[in-house]
Amino acid sequence: MELPVFAALVLIVAGVWSLVVWPQFLRRVMNDPRARDSAGKATKFLTVHVVLVSISMVLGLATAVIGILGLLG
């Protein structure tokens, strides 16, 4: 895969950013009182945010990998 070096670096930085920022966000969400009901069971608030973070991290990883392949190609 051929990418300009600048584009590859932007993809790598964006991917790493996602992999660093989203786990911190999930930690805050998990500590939020809205994350669990009175019985300690996960709420829709927590479920939606776990799905959001999971998808974002998969996309972040894919973005970083594409950037790395662009540098190597």
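Predicted model: local features only at pLDDT ≥ 70, side-chain atom pairs only at ≥ 80, totals over all residues.
Biologist: Where is Ser-18 placed, and what is Ser-18 in contact with?

Modeller: Ser-18 sits in helix H1. Helices are DSSP runs (H or I, at least four residues), strands are E runs of at least two, and both are numbered from the N terminus. Contact means heavy atoms within 4.5 Å. Leaving aside neighbours within four places in sequence, Ser-18 touches Pro-23, Ser-56, Met-57 and Gly-60.

Biologist: Which residues of H1 are buried?

Modeller: They are Ala-8, Ile-12, Gly-15, Ser-18, Pro-23, Leu-26 and Val-29, and their cover includes H2. On the H2 side, the buried residues are Leu-46, His-49, Val-53, Ser-56, Gly-60, Ala-64, Gly-67 and Gly-70, and these pack against H1.

Biologist: How do I read the span of H1?

Modeller: The expected span of a helix is 1.5 Å times one less than its number of residues. H1 has 26 residues and should span 38 Å; its end C-alpha atoms are 38 Å apart, so the two agree. H2, with 29 residues, reaches 42 Å from first C-alpha to last, close to the 42 Å expected.

Biologist: What about aromatic pairs: how many are there?

Modeller: A pair of aromatic rings is described by the distance of the centres and the angle of the planes. Rings of Phe, Tyr and Trp (its six-membered ring) pair if their centres lie within 6.5 Å; planes under 30 degrees apart are stacked, over 60 edge-to-face, and the rest tilted. By this rule there is one aromatic pair. Trp-22 and Phe-25 form it, edge-to-face, at 5.5 Å centre to centre with 90° between the planes. Being three residues apart in helix H1, Trp-22 and Phe-25 are separated by about one helical turn. Trp-22 is partly exposed at 23%, and Phe-25 is partly exposed at 23%.

Biologist: How many salt bridges does the whole structure hold?

Modeller: Side chains of opposite charge can pair when their charged atoms come close. The rule for a salt bridge is a side-chain nitrogen of Lys or Arg within 4 Å of a carboxyl oxygen of Asp or Glu. The search finds one, where the side chains of Asp-32 and Arg-34 meet at 2.8 Å, N to O. Asp-32 counts as buried, at 18%, while Arg-34 is exposed, at 52%.

Biologist: Which residues make the nonpolar surface patch?

Modeller: Patches are made of residues with over 30% relative accessible area and no salt bridge, joining like charges within 9 Å and nonpolar side chains (Val, Leu, Ile, Met, Phe, Trp, Tyr) within 5 Å. Areas come from the Shrake-Rupley method with a 1.4 Å probe, and for residues only the protein chains shown count as cover. The nonpolar patch, about 980 Å², is made by Met-1, Val-5, Leu-9, Leu-19, Leu-61, Val-65, Ile-66, Ile-68, Leu-69, Leu-71 and Leu-72. Helix H1 (5-30) and helix H2 (44-72) are the elements giving two or more residues, and H2 gives the largest share, seven residues.

Biologist: What is Ile-66 in contact with?

Modeller: Ile-66 lies in helix H2 and counts as partly exposed, at 38%. Beyond neighbours within four places in sequence, Ile-66 is in contact with Met-1, Leu-3 and Leu-11.

Definitions and conventions:
Residues numbered from 1 in each chain as written. Heavy atoms only, no water. Buried < 20%, exposed > 50% of the residue type's maximum accessible area, 1.4 Å probe, protein only.
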